[in-house]
Amino acid sequence: MKKSALFAAALVLIVSATALSAETVRDRIRQRIREHLQKISDGTLTGALRHGGIDRTYLVHPPKGLDRSRAYPVVFVFHGAGGNAENAMRMTGMNRRADEKRFIAVYPNGTGRLKDPGLTWNAWACCGEAFAGKVDDVGFVRELIARLERDYPVDPKRIFATGISNGGMLCYRLACELSDRFAAVAPVAGAMDTDDPRPSEPVSLIIFHGTEDKHIRYDGGEPDRQFDRQKRVDKPVSYAVNFWVKYDGCNPVPADSRTQNVARTTYSGGRNGTEVTLYALQGFGHAWPGDEGELRGGGAESPAQEISATDLIWEFFDTHPKV
């Protein structure tokens, strides 16, 4: 079934919902949930579950030739504010890596009003309807992990998350609040906007951020541009780096390297083999480095092409499982 046809069918269901009783709509949604794995293209499947009174959806791409006798890593990819799962799949090119490197790629959808095409995540201080409505995205992700463990042969020590912008913010939140499940996270152009981070276990981080980002400023502060109208003051990238270096017990003296436009700083030697690595993209803005898709979402700008965030993220994840 083509993606366009699938989403057209979903749109018909949404539009027609206004003419149906609430119970009828719930019955139809439950039926869709019962049929939650439907092929859309290149082996990617649609999924749905209900959490916190909200029907949630996601895409999942098992590697070609999935062998159920072995356990596979899982990589969550979270879209930015105003984006969606398909957007994140296109932008990162993670499906191809999943097939090549043998892991399961998962692209959850945020939430938003039916008439609003922009989906968001509740990531402490941002964004949109998810933040305003206090949507339990952390609980949704925990339940989704359990669903994936039921449906696929998942390696519980190799569950990872990455995302851009609002999705990168959610990665920071998951590292703090689901540190028992995630081995490593890779925020891209995000911010760790909490004064009270409380992880229970060490987590490795690989962080990408443009020094000229106007949406989530590298040095923190109010954004020059933003998706919604909710006022916020973002923490600087250094706040997240310093917290995790200290919490993980990494060597406070980093190893530095520099290419033309990319400064890499690595703090190694953390507890349980954890590490914190920062890629500061000199002169670049709000984008996924090496963006492979036509759509960027979340107000993204021209990406750096000197590195591929997708490749570097998987290389980092592959060497930083939970122990």
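How many helices and strands are there in the chain? In this predicted model, the chain contains nine helices and eleven strands. Of its 323 residues, 54% count as buried. The accessible surface of the chain amounts to about 14,000 Å², and carbon and sulfur atoms contribute 51% of that area. Among contacts in the chain with a separation of 6 or more, 62% are made by residues 24 or more positions apart.

Rolling a probe the size of a water molecule over the atoms shows where empty space is left. A search of the whole structure returned one cavity of 30 Å³ or more. The volume of the largest cavity is about 90 Å³. Its lining consists of 13 residues, and those nearest the centre of the cavity are Cys127, Ser165, His215, Phe227 and Arg232. Classified by residue type, the lining of the largest cavity comprises six nonpolar residues, six polar residues and one charged residue.

Helix H4 was considered separately. This helix spans residues 94–101, and its buried residues are Met94, Asn95, Arg97, Ala98 and Asp99. An α-helix has 3.6 residues a turn, so residues three or four places apart point the same way. Arg102 follows H4, and the phi of Arg102 is positive, near 70°.

How values were computed:
Residues are numbered from 1 along each chain as its sequence is written. This is a predicted model: local features need pLDDT of at least 70, side-chain atom pairs count only at pLDDT 80 or more; totals for chains, interfaces and linings use all residues. Side-chain values use heavy atoms; hydrogens and water are left out. Helices (H or I, at least four residues) and strands (E, at least two) are DSSP runs, numbered from the N terminus. Buried means under 20% relative accessible area, exposed over 50%, partly exposed in between (1.4 Å probe, protein chains only). Contact means heavy atoms within 4.5 Å. Accessible areas come from the Shrake-Rupley method with a 1.4 Å probe; for residues, only the protein chains shown count as cover. On a 1 Å grid over the protein atoms alone, a cavity is a set of points where a 1.4 Å probe fits but cannot get out, and a pocket is an open set with protein on both sides within 12 Å along at least five of seven lines; lining residues have an atom within 4 Å of a point. Grid points are joined across faces, edges and corners, and a volume is the space filled by probe spheres set on the points. Ala, Val, Leu, Ile, Met, Phe, Trp, Tyr, Cys and Pro count as nonpolar, Asp, Glu, Lys and Arg as charged, and the others, Gly among them, as polar.
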